[in-house]
Amino acid sequence: MFNLTPDTCLAVIPARGGSKGLPGKNIRLLKGKPLIVYSIEAALESGYVKNVVVSTDDETIADVARGAGAEVPFLRPTELATDEAKSIDVLKHAVQYFENRRQNYEHILLLQPTSPLRTARDIQKAMGQFLKSGADSLQSITQAQTHPYLLRQRSVTGQLDPFLQVEDHVRRQDLTELYELNGALYLMKRDLLMVQGKIVGPSNQGYIMPVERSVDIDTLWDFRLAEWILQEFDESGGSNP
């Protein structure tokens, strides 16, 4: 069994400069703090990560990340900073950078900067679950807000039909409990990524997060929702949502 300690885990936060949905979102101020800083602080506070690396092509993002305590030892190559660039290639590039300098890791943690409500405790619990399970990978999830049986498809004539067929007598509370990926964290064994070229392995765990910590910021509405959640929690006297 792998020993999950700060020396064995590399955290990578990908933060490209361009954003079509919400320009400049990675360093946009969320309650007075740049968005990306929430993820950097959560990783550092977790105590499970030795190196927190921000992979970016943007000098301004790099400066903000360094100011928050992250490492930015390189600027991401142009070919990995396009809309078509894949997260797996960004991860592999970061890992290879360190391995070329004889810094090796057994586990890789991917943290999207667009999930600011993910906490250090979430990282700790997810890593604990991952280690105990012996899985190849782990993804954060939250309970699905809409069950597929409740979805409808509408024809050009306005006809409404069920997307999935289900018996009329099935009650909502009897439907199978389903989950959706929330994008907050991905954890994987090094060899799964670097040898097999995958982020998700055949043995894949799901770490459950509540919906109020599962906001994934892509639009201004998402950003406003995260602001509201943080504000509501502050007013209730808590420290984290």
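Student: Which residues in H1 meet which residues in H4?

Tutor: Some conventions come first. This is a predicted model, in which local features need pLDDT of at least 70, side-chain atom pairs count only at pLDDT 80 or more, and totals for chains, interfaces and linings use all residues. Residues are numbered from 1 along each chain as its sequence is written, and side-chain values use heavy atoms, with hydrogens and water left out.

In H1, Ala-42, Ala-43, Glu-45 and Ser-46 meet Ala-120, Ile-123 and Gln-124 in H4; contact here means heavy atoms within 4.5 Å. The residues of this contact divide into four nonpolar, two polar and one charged. In that division, Ala, Val, Leu, Ile, Met, Phe, Trp, Tyr, Cys and Pro count as nonpolar, Asp, Glu, Lys and Arg as charged, and the others, Gly among them, as polar.

Two packed helices are described by the angle between their axes and the distance between the axes. Helix H1 spans residues 35–46 and helix H4 residues 120–133; they pack at an angle of about 55°, with their axes 7 Å apart. Helices (H or I, at least four residues) and strands (E, at least two) are DSSP runs, numbered from the N terminus. The axes are lines fitted to C-alpha atoms, for helices over the stretch in contact, and angles run from 0 to 180 degrees between N-to-C directions. H1 and H4 are therefore oblique to each other: angles under 35 degrees count as roughly parallel, over 145 as roughly antiparallel, 65 to 115 as roughly perpendicular and the rest as oblique.

Turning to the charged pairs, the model has eight salt bridges, each a side-chain nitrogen of Lys or Arg within 4 Å of a carboxyl oxygen of Asp or Glu. One of them joins the side chains of Asp-218 and Lys-25 at 3.5 Å, N to O. Asp-218 lies in the loop between strand S10 (204–208) and helix H6 (220–235), and Lys-25 in the loop between strand S1 (9–14) and strand S2 (29–30), so this pair ties together parts that are 193 residues apart in sequence. Asp-218 is partly exposed at 42% relative accessibility, whereas Lys-25 is buried at 11%; buried means under 20% relative accessible area, exposed over 50%, and partly exposed in between (1.4 Å probe, protein chains only).

Within helix H6, Arg-224 and Glu-227 lie three residues apart, about one turn of the helix. Their salt bridge has its closest N and O atoms 2.9 Å apart. Arg-224 is partly exposed at 40%, and Glu-227 is partly exposed at 22%.
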